[in-house]
Amino acid sequence: MPTPHLSTRRRIAGRARTTGAAAVLLAVALVAASCSSDSDSTSTSTSEATSSESSTSEASSALVPLDTAAMDTVVDELATQFREVGMMVLVKTPEGDYTKSWGTLGLDSTEVPTADTKVRIGSNTKTWTGTVILQMVQEGKISVEDPVSKYRPDVPNGENITIAQLLDMRSGLYNYTQTLELNDALDNDPQRVWEPEQLLALAFANPPVAEPGAEYNYSNTNTVLLGLIAEQLDGKPIAQIYQDRLFSTLNMTSTSFPANTDTSIPDTYANGYSYSGNVETLGEGKESLSPERLAAIEAGTVQPRITTNDNPSWTWSAGQGISTANDLVTWVEALGNGDLLDEETQALRMDSVQPSDPSDPSGSSYGYGIAQMGPMYGHIGEMPGYNSFMGYDPVNDVTIVVWGTLAPTPEGAPPAAAVAKSLVPLVYASSTEDTGEHIDDAAEDTSGG
């Protein structure tokens, strides 16, 4: 999920196509692709051939055999460049599988991460919320064409905002993670417990940023509203809704949604770290720390703050989830294949995906609680200390899951998204420049709350 302090990247109409973070991602990706690693961090990698009887010859021709040595180099270079503490990478394709563990579970640990290590997954949680709402659409409890005022009369202009516009980020409602009040609290009182209604109050105190349906504006406000509506329709807490409808069905036994007062992560988990304050990087063009702070970090005179047990309740149904790389693989493949929806409702979801920027129809797209990045469907999540990427290409049966535990980087980059972007050219045979751009775009969104 998104760190609030990077939320300015797409606060205004249109999209900030070129940002400092995007430039960093591109530069690092080029360096990583051309250099070999001299990192002495503990890491492991494996590759094994797999067969895919369902793969067509066309799909197979779109992929290349996995070069695990080149993939190791990419991960090692980027993880080192981004000062990561721990990182986990899983890639699954019909041409082979790749697993890479980098670093440790924490600065004071010698234990290496595994695919079952638990981390906070931020805005990947949004895909859970979108899915349960669509299940309720399937059950006839709600329609995507319903006005939000039918369920929440207090929403500004709610009679003109549809459930569909909450799902696809086109409601125009102000994103509460852009408020100084929230960012100041996250800096000065990271243990504060936030209730969903308090988050909505922050949003509703500000005027909408656009008319409903007029434009795409990524906003946690939309997904918090959907979480409350889901509770209203199902008559149970959102955590139980996720457990009953999603986790139990897919046997995601290492995935959870904690109570608002619970700041722990179940064992075994990776600690999260961040150099960045929320207020100090609040504002357009302030994603990177100052040159003086960057110099101090480089010199080792400044250490990152541990964020593991910061209270995540400010994200609620938009980003409070906990999961593992293995469970994210299970989840994103089910998401892309429609395993939890009937055929008609899955088609409704996939048909909802449309370009985030209408002037760039070939760019990244967003739909009903799902992002499209090139051929991959999934999401990106960021919170202070954690960044995660999950993507699944249902045509070519390619899955990429990455997480890192120092986020954002001091320069404002999302490390997991950078690694995913840089691995794409080592998976696909055809040009992947557009897919990399799409991942950059989606990363800009999810770093924005």
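Select helix H4 (residues 125-138) and helix H9 (residues 238-250). Helices here are DSSP runs of H or I with at least four residues, strands are runs of E with at least two, and both are numbered from the N terminus. From H4, Thr125, Trp128, Thr129, Thr131, Val132, Gln135 and Met136 meet Ile241, Tyr242, Arg245, Leu246 and Phe247 of H9. Contact means heavy atoms within 4.5 Å. By class, this contact divides into seven nonpolar residues, four polar and one charged. Nonpolar covers Ala, Val, Leu, Ile, Met, Phe, Trp, Tyr, Cys and Pro; charged covers Asp, Glu, Lys and Arg; the others, Gly among them, are polar.

This is a predicted model, in which local features need pLDDT of at least 70 and side-chain atom pairs count only at pLDDT 80 or more, while totals for chains, interfaces and linings use all residues. Residues are numbered from 1 along each chain as its sequence is written, and side-chain values use heavy atoms, with hydrogens and water left out.

Now look at the axes. Those of H4 and H9 come within 10 Å and cross at roughly 85°. Axes are lines fitted to C-alpha atoms, for helices over the stretch in contact, and angles run from 0 to 180 degrees between N-to-C directions. H4 and H9 are therefore roughly perpendicular to each other. The classes are: under 35 degrees roughly parallel, over 145 roughly antiparallel, 65 to 115 roughly perpendicular, and the rest oblique.

The crossing of H4 with H8 is left-handed. That term applies if the near helix is turned anticlockwise from the far one by less than a right angle; clockwise is right-handed. Color Lys126, Thr129, Val132, Ile133 and Met136 in H4; they meet Asn220, Thr223, Leu226, Gly227, Ala230, Leu233 and Asp234 in H8. The contact of H4 with H8 holds six nonpolar, four polar and two charged residues.

Stay on H8 and bring in helix H7 (residues 196-204). H7 and H8 pack at an angle of about 140°, their axes 10 Å apart. That makes H7 oblique to H8. H7 and H8 also make a left-handed crossing. On the H7 side, pick Pro196, Glu197, Leu199, Leu200, Ala203 and Phe204; their partners in H8 are Thr221, Val224, Leu225 and Leu228. The contact of H7 with H8 has eight nonpolar residues, one polar and one charged.

Next, select Pro190. Pro190 sits in the loop between helix H6 (180-188) and H7. Not counting residues up to four places away in sequence, Pro190 touches Ala185, Arg305, Asp310 and Asn311. Pro190 and Pro312 lie 122 residues apart in sequence, yet 8.6 Å apart in space, C-alpha to C-alpha.

Pro190 and Pro312 are also among the residues lining the largest cavity. Its other lining residues include Arg120, Leu186, Trp314 and Met383. This cavity holds about 100 Å³ of space. Its lining divides into six nonpolar, three polar and three charged residues. On a 1 Å grid over the protein atoms alone, a cavity is a set of points where a 1.4 Å probe fits but cannot get out; a pocket is an open set with protein on both sides within 12 Å along at least five of seven lines; lining residues have an atom within 4 Å of a point. Points are joined across faces, edges and corners, and a volume is the space filled by probe spheres set on the points. The model has nine cavities of 30 Å³ or more.

Move to the second largest pocket, with a volume of about 260 Å³. Among its lining residues are Thr80, Gln81, Tyr275, Ile297, Glu298 and Leu406. Helix H3 (68-81) and helix H10 (291-299) each supply at least two lining residues.

Finish with the backbone. Most residues other than glycine have a negative phi, and most peptide bonds are trans. Asn157 is not a glycine, but has a positive phi of about 60°. Find Asn157 in the loop between H4 and helix H5 (163-167). The peptide bond from Asp267 to Thr268 is cis, with omega near -10°. Thr268 is in the loop between H9 and strand S5 (273-274). Another cis peptide bond joins Ala407 and Pro408, with omega about -10°. Pro408 lies in the loop between strand S13 (398-404) and helix H13 (415-423).
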